[in-house]
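Please look over the sequence and the model shown here before reading the briefing that follows. The notes are grouped by topic.

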Amino acid sequence: MGGGVGVRLSYEPTTDILTVTLQEEADIADMAEDTAGTVFAYDAEGQLVLIAIADASRNLDKIRDIERIVSRLAQRILGHPDATEAGR
């Protein structure tokens with residue numbers, strides 16, 4: 001992934017949307033939305049760069065799944081377990 005490694009989470013309580021930014025300065029080339037209203041954004045190379053979860057407070061299972069995926073990605077990229085995965 002270009003643009004450096006880092007994941008940023010942001011939550012907007014007025015709209016109840018959790019945004020997981022996987023690549024800060026990526027240009028979004030394509031987007032897809034699942035039936036639950038989760039949006040997946042991809043760059044021109046097809047890399048997932050952003051996930052936006054609608055009704056986040058009602059989709060805690062989906063958020064936990066994403067947390068596990070991001071932890072595994074961090075392990076692969078950084079070559080060691082991150083704190084969230086090591087404690088499980």
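**Briefing**

Threonine 19 counts as buried, because its relative accessibility is 17% and buried means under 20% relative accessible area, whereas exposed means over 50% and partly exposed lies in between (1.4 Å probe, protein chains only). This is a predicted model, in which local features need pLDDT of at least 70 and side-chain atom pairs count only at pLDDT 80 or more, while totals for chains, interfaces and linings use all residues. Residues are numbered from 1 along each chain as its sequence is written, and side-chain values use heavy atoms, with hydrogens and water left out.

**Surroundings of threonine 19**

- Threonine 19 belongs to strand β2, where strands (E, at least two residues) and helices (H or I, at least four) are DSSP runs numbered from the N terminus.
- Leaving aside residues up to four places away in sequence, threonine 19 touches Arg8, Leu9, Ser10, Leu50, Ile51 and Ala52, a contact being heavy atoms within 4.5 Å.

**Strand β5 and its partners**

- Strand β5 (residues 48–53) is largely enclosed by the rest of the structure, because five of its six residues are buried.
- Strand β2 (residues 17–21) runs antiparallel to β5 and is joined to it by four bridges, two strands being paired if DSSP finds at least two bridges between them; in this pairing, leucine 18 stands opposite isoleucine 53 of β5.
- Strand β4 (residues 39–42) also pairs with β5 in the antiparallel sense, over four bridges, and here phenylalanine 40 stands opposite isoleucine 51 of β5.
- The hairpin of β4 and β5 has five residues between the strands, and glycine 46 in this hairpin takes a positive phi near 85 degrees.

**Salt bridges**

- Side chains of opposite charge can pair when their charged atoms come close.
- The structure holds two salt bridges, each defined as a side-chain nitrogen of Lys or Arg within 4 Å of a carboxyl oxygen of Asp or Glu.
- One of them joins the side chains of arginine 8 and glutamate 24, at 2.8 Å from N to O, and this pair links distant parts of the chain, 16 residues apart, with arginine 8 in strand β1 (residues 8–12) and glutamate 24 in the loop between β2 and β3 (30–33).
- Glutamate 24 is partly exposed, at 45% relative accessibility, and arginine 8 is partly exposed with a relative accessible area of 38%.
- Aspartate 55 forms a salt bridge with arginine 58, their closest N and O atoms being 3.1 Å apart; arginine 58 is exposed, at a relative accessible area of 66%, whereas aspartate 55 is partly exposed, at 31%.
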